[in-house]
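Colleague: I am new to this one. Please walk me through it, and expect me to ask how you know.

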Amino acid sequence: SLPEEVEDASEPTKRDRSHLESTLKLNEDKPTDDVSGVLQRLRKIYHSSIKPLEHSYRYNELRQHEITDGEITSKPMVLFLGPWSVGKSSMINYLLGLDDTPYQLYTGAEPTTSEFTVIMHGPKLKTIEGIVMAADSARSFSPLEKFGQNFLEKLIGIEVPHKLLERVTFVDTPGIIENRKQQERGYPFNDVCQWFIDRADLIFVVFDPTKLDVGLELEMLFRQLKGRESQIRIILNKADSLATQELMRVYGALFWSLAPLINVTEPPRVYVSSFWPHEYHPDTHKDLFLKEEISLLEDLNQVIENRMENKIAFIRQHAIRVRIHALLVDRYLQTYKDKMTFFSDGELVFRDIVEDPDKFFIFKSILAKTNVSKFDLPNREAYKDFFGINPITSFKLLSQQCSYMGGCFLEKIEKAITRELPDLLGSIGLGKKPNVLSCDVTGCGETPKNRYKKP
C-alpha cells in the first residue's frame with residue numbers, strides 16, 4: 001500500500017469552499033431584487049436630461065466616453081490588473097470553482113493571458129469572439145470597436161453558467177510586462193485599460209510577493225487609476241509561499257514602492273492571502289489568510305449589493321462632467337464673440353484664446369460662477385485638441401439651447417444632478433418614496449460610507 005500513500009502525498013489537498021458559498025450567498029434562492037423599474041427611470045433621465053447637452057457640445061470627443069444603454073443596464077464589473085504570473089487567472093478560477101473543469105482559464109508560470117477575457121453569465125459554456133461582442137449593441141462592449149481590429153482579436157468572452165456571474169462580470173487582463181513598449185502589443189494597451197478602469201466597480205491589483213518590481217508600465221497604470229482610489233483593492237497573493245518575517249518585509253516593500261504612485265490620504269486596502277484552491281502551506285498563518293479572504297469576499301458582495309447606487313452615482317458624476325464641459329465651451333464661445341470685430345480674423349482671435357485661456361479668465365470664471373470644484377475641471381491642453389477638431393463656430397451658446405416645449409438644456413441637466421438622480425438614489429434606499437427626497441436628505445450621494453467600520 002506504500003505506493004498509494006506516496007501518490008496521495010503528491011496530490012495537493014483542496015481547501016474547503018463553504019466560506020465562499022456563504023459569504024457570496026451563492027446558495028440563497030432569494031429573488032434578485034427588481035431593479036428594472038429603477039433602470040428604466042435612470043435611462044429616461046439620461047436620455048432626456050443629459051444626452052442632449054452631451055451631444056450638442058460633443059463631449060464624447062473630449063473624453064471618449066459615450067454611455068450606451070448596454071452600459072446603463074450592465075452588471076457590476078470586477079477588473080483584475082497586475083504584472084504577469086501573479087495569479088489573476090488562478091484567482092478567477094478559484095472564485096468560480098472552475099479548476100479541473102473544461103471552463104478553467106489557462107494558467108502557468110510564463111505570461112499566459114495575452115487577451116482581455118470577459119467572464120460573464122450564460123446558460124451554457126461558450127466562447128464569444130471579441131468581434132462578435134463588439135458588434136452586439138445590447139452588450140456594454142460595443143464602444144471597444146474604436147480600438148481597432150487588432151485589439152478585438154485580443155478580446156474574448158466566456159459565458160459560464162455560474163450563480164455569482166448572474167450578479168457580476170469578471171475581466172481578466174494581460175499581465176503587465178515591464179520594459180515592453182506599448183507598440184509591441186499591436187493596440188493601445190493603456191487606452192484599453194483606461195476604458196475598463198473607467199467602468200469597473202471594483203479593481204483588484206494583484207501582486208506576487210516574490211517579484212515586486214514596480215516598473216514603467218505599472219507606474220503608467222497607477223497614473224490611470226487616479227481618481228478611482230476608492231475602487232482599488234491591492235492583493236498580495238501567494239502569501240503562504242513566504243515565511244512570516246519575509247512576508248512582513250514584502251508587505252512593507254510593496255507599500256514603499258506604491259506610496260509615490262497613490263497620493264491619497266487613505267491608502268487602498270491590501271489583502272494578504274493565497275487565492276487558489278489548494279490548502280495553505282503548513283506552518284503559515286492560515287487563520288489570518290482565511291480572514292483576509294473572507295474580508296475580500298465581503299467587499300465583493302458589497303459591490304454587488306450596492307450596484308444600483310453605484311450606477312446612479314456614476315451617471316451623476318458623468319452628468320457633472322458634461323455640464324462643466326458645456327459651461328466651458330459656452331465661455332470660450334462667449335469670449336470669442338466679445339473679441340470679434342468687423343475687421344478681425346476669426347482664426348487668429350480664437351487661436352489667441354485657446355493658447356492662453358487664463359488671460360481671458362475662462363476657467364476661473366466657471367469656478368466663480370457655478371458650484372464647480374477646481375478638481376473637476378478638465379485639462380486646458382485637452383481643449384486645444386478639442387477645438388482643433390471642432391471649430392468654435394460650430395457651437396451655439398447655452399442661452400440659445402432652449403425650446404418652448406423642451407425647456408433649456410442647462411436647466412435640465414442641473415435638475416438631473418441636483419434633484420432627479422438624488423431622488424432616484426433615495427427611492428432605492430428608502431423603500432418606495434421617490435419624490436419626497438431632496439438633496440439634504442440623501443446628501444446627493446456625496447458622502448461615501450466607510451466600508452471598513454463595523455456597523
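## Cores, sheet and loops

Modeller: This is a predicted model. Its largest nonpolar core has 49 residues, and I50, Y332, F350, I353, Y383 and F387 touch the most other members.

Colleague: Which elements supply at least two residues each of this core?

Modeller: They are α3, α4, α13 (307–339), α14, α15, α16 (380–389) and α17 (409–429). α13 gives the most, with 13 residues.

Colleague: What is Y332 in contact with, leaving aside its neighbours within four places in sequence?

Modeller: F350, I353, V354, P357, I362, F363, Y383, F387 and I392. A second, separate core has 47 residues, including V118, F141, Y187 and F189.

Colleague: Which residues of α14 are buried?

Modeller: G346, V349, F350, I353 and V354.

Colleague: What makes you say that the buried residues of α14 line one face of the helix?

Modeller: Look down the axis of α14. Its buried residues fall within an arc of 130 degrees, so they line one face. There is a general point behind this. An α-helix has 3.6 residues a turn, so residues three or four places apart point the same way.

Colleague: What is found at the start of α14?

Modeller: A side-chain oxygen of D345 reaches to within 2.9 Å of the backbone nitrogen of E347. The cut-off for a polar contact is 3.5 Å.

Colleague: Now the sheet. In what order do its strands run?

Modeller: The order is β3-β4-β2-β5-β1-β6-β7-β8. These 8 strands form an open sheet with mixed pairing.

Colleague: Why do β3 and β8 stand at the edges?

Modeller: β3 (126–129) and β8 (269–272) each have a single partner strand, so one side of each is left without a neighbour in the sheet. From one strand to the next, the twist averages 20 degrees.

Colleague: In which sense do β1 and β6 pair?

Modeller: Strand β1 (residues 77–81) and strand β6 (residues 202–207) pair in the parallel sense, over 4 bridges. L81 stands opposite V205 in β6.

Colleague: Which strands does helix α9 touch?

Modeller: Helix α9 (residues 189–199) packs on the sheet and touches β1, β2, β4 (155–160), β5 (169–172) and β6. The direction of α9 makes about 140 degrees with that of β1. Helix α12 (residues 286–305) lies across β1, β5, β6, β7 (232–236) and β8. α12 runs at about 135 degrees to β8.

Colleague: T117 is in strand β2 (residues 116–121). Why is T117 called buried?

Modeller: T117 has a relative accessible area of 6%. Buried means under 20%, so T117 is buried. Leaving aside neighbours within four places in sequence, T117 is in contact with L105, I156, I158, F170, V171 and D172.

Colleague: What makes the phi of R58 worth a remark?

Modeller: Most residues other than glycine have a negative phi. R58 is a residue other than glycine, and its phi is a positive value, near 50 degrees. R58 sits in the loop between α3 (36–56) and α4 (59–63).

Colleague: Where is F361, and what is its phi?

Modeller: F361 is in the loop between α14 (346–355) and α15 (362–369). Its phi is near 55 degrees, also a positive value.

Colleague: Why is F361 called exposed, and R58 partly exposed?

Modeller: The cut-offs settle it. Exposed means over 50% relative accessible area. F361 has 51%, so F361 is exposed. R58 has 28%, so R58 is partly exposed.

Technical notes:
Residues numbered from 1 in each chain as written. Predicted model: local features only at pLDDT ≥ 70, side-chain atom pairs only at ≥ 80, totals over all residues. Heavy atoms only, no water. Buried < 20%, exposed > 50% of the residue type's maximum accessible area, 1.4 Å probe, protein only. Arc of directions from axis to C-beta. Polar contact = N/O pair within 3.5 Å; in protein donor to acceptor, adjacent residues only side chain to side chain. Contact = heavy atoms within 4.5 Å. Pairing = 2+ DSSP bridges. Axes fitted to C-alpha atoms, helices over the stretch in contact; angles between N-to-C directions. Core = buried A, V, L, I, M, F, W, Y, C linked by side-chain atoms within 4.5 Å.
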